[in-house]
Amino acid sequence: MKRLLTTLTACTLAFTSAQAVANKLIVATDTAFVPFEFMQDGEYVGFDIDMWAEIAADNNWEYELRPMDFGGIIPALQTRQVDVALAGITIRDDRKEVIDFSDGYYQSGFTLMVPVDSDIESVEDLAGKTLALRMGTSAADYAEEHFTDTTLRLFPNIDNAYLELRTGRVDAAMHDTPNVLYYIATAGDGAVRATGEQMMAHEYGIGFPKGSDLVEAVNASLAAMREDGRYDAIYEKWFGTSPAE
């Protein structure tokens, strides 16, 4: 009887734990990836945050945002510490091997940012220069593969990389295009500019642990948002223009 009670108690606790997880999703979000997710007046705001709020409302999901550094997000999905990840995560084949993705929801690429008086006009001008990047990103991987004549300096967050550029300790910085353009428009103080063509177009996807049963519902919501205009409204709110057809 004692063994039976112990087994029943364990089963009850396991059920309660699973039920709690099912009732409130843990959603990892990057700590500072404007304008997709960032802190403003003590709250997380941004394109991804608004988009996820609509998806959660469609599905009657309760959720808790859990900020973390980008480098820890994919491992957190792999170990199922979180249920969902919003972090402007580029959909890549190597990442598909360890996590699942939603359908792509934003098309992006990489753009160079330089001082306004810089002589760098394209990636060809980076030879012999120093370039700042955020470690663990697709931009950093791209630079390591393609800019062999450039000194790369990697930083734990993009704010540090931009600061190095503003203080003259590097010649250029490179990151995802919307983040670069948003920084120039809102915090660049006229001291920096974008240069050259956008590189390596790619899509962002919402991340999930492998085998997650949330993916299908999220994709259905994304499709519905594009159909009923909610996606366009959020896009225009954060980027000031309609999404490209």
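**Contacts of Gln78.** I count two residues as in contact when they have heavy atoms within 4.5 Å. On that basis Gln78 touches Val98 and Ile99, leaving out residues up to four places away in sequence. The model is a predicted one. I placed Gln78 in helix α3, residues 70-78. Gln78 and Ile99 are 21 residues apart in sequence, yet their C-alpha atoms are 6.5 Å apart in space. Is Gln78 buried or partly exposed? Its relative accessibility is 42%, so I put it down as partly exposed.

**Whole chain.** I stepped back for an overview. The protein chain has nine helices and eleven strands. Its C-alpha atoms fill a box of roughly 80 × 40 × 35 Å along the principal axes. Of the 245 residues, 45% are buried. I also checked how far contacts reach along the sequence. Taking contacts between residues at least 6 apart, 69% join residues at least 24 apart.

**Helix α2 by itself.** I turned to α2, which covers residues 47-59. It has 13 residues and reaches 19 Å from first C-alpha to last, close to the expected 18 Å. Which of its residues are buried? I listed Phe47, Asp48, Ile49, Met51, Trp52, Ile55 and Ala56.

**The largest core.** Next I looked at the largest nonpolar core, which has 29 residues. Phe47, Trp52, Ile55 and Ile206 have the most contacts inside it. At least two core residues come from each of β1 (24-30), α2, β5 (84-90), β11 (192-209), α8 (215-228) and α9 (230-239). Which element gives the most to this core? It is α2, with five residues.

**α2 against α8.** Two packed helices are described by the angle between their axes and the distance between the axes. I looked up both for this pair. The axes of α2 and α8 come within 9 Å and cross at roughly 110°. That angle falls in the 65 to 115 degree range, so α2 is roughly perpendicular to α8. The crossing is right-handed. On the α2 side I found Met51, Trp52, Glu54, Ile55, Asp58 and Asn59. They meet Ala217, Val218, Ser221, Leu222 and Met225 of α8.

**α2 against α9.** The axes of α2 and α9 are 9 Å apart, and the packing angle is about 160°. Angles over 145 degrees count as roughly antiparallel, so α2 is roughly antiparallel to α9. This crossing is right-handed. From α2, the contact uses Phe47, Asp50, Met51, Glu54 and Asp58. From α9, it uses Arg230, Tyr231, Ile234, Tyr235, Lys237, Trp238 and Phe239.

**Ser138.** I checked one more single residue. Ser138 is found in helix α5, residues 138-146. Is Ser138 buried or exposed? At 6% relative accessibility it is under the 20% cut-off, so I count Ser138 as buried. Its contacts, leaving aside neighbours within four places in sequence, are Thr90, Arg92, Arg95 and Phe110.

Most residues other than glycine have a negative phi, and most peptide bonds are trans. I noted the exceptions below.

- Asn60 lies in the loop between α2 and β4 (62-68). Its relative accessible area is 71%, so I count Asn60 as exposed.
- Met200 has a phi near 45°, a positive value in a residue other than glycine. Met200 lies in strand β11. At 40% relative accessibility, Met200 counts as partly exposed.
- The peptide bond from Val34 to Pro35 is cis, with omega near 0°. Pro35 is placed in the loop between β1 and β2 (38-40).

Definitions and conventions
Residues are numbered from 1 along each chain as its sequence is written. This is a predicted model: local features need pLDDT of at least 70, side-chain atom pairs count only at pLDDT 80 or more; totals for chains, interfaces and linings use all residues. Side-chain values use heavy atoms; hydrogens and water are left out. Helices (H or I, at least four residues) and strands (E, at least two) are DSSP runs, numbered from the N terminus. The expected span of a helix is 1.5 Å times one less than its number of residues. Buried means under 20% relative accessible area, exposed over 50%, partly exposed in between (1.4 Å probe, protein chains only). A nonpolar core is a set of buried Ala, Val, Leu, Ile, Met, Phe, Trp, Tyr and Cys residues joined through side-chain atoms within 4.5 Å. Axes are lines fitted to C-alpha atoms, for helices over the stretch in contact, and angles run from 0 to 180 degrees between N-to-C directions. Angles under 35 degrees count as roughly parallel, over 145 as roughly antiparallel, 65 to 115 as roughly perpendicular and the rest as oblique. A crossing is left-handed if the near helix is turned anticlockwise from the far one by less than a right angle, and right-handed if clockwise.
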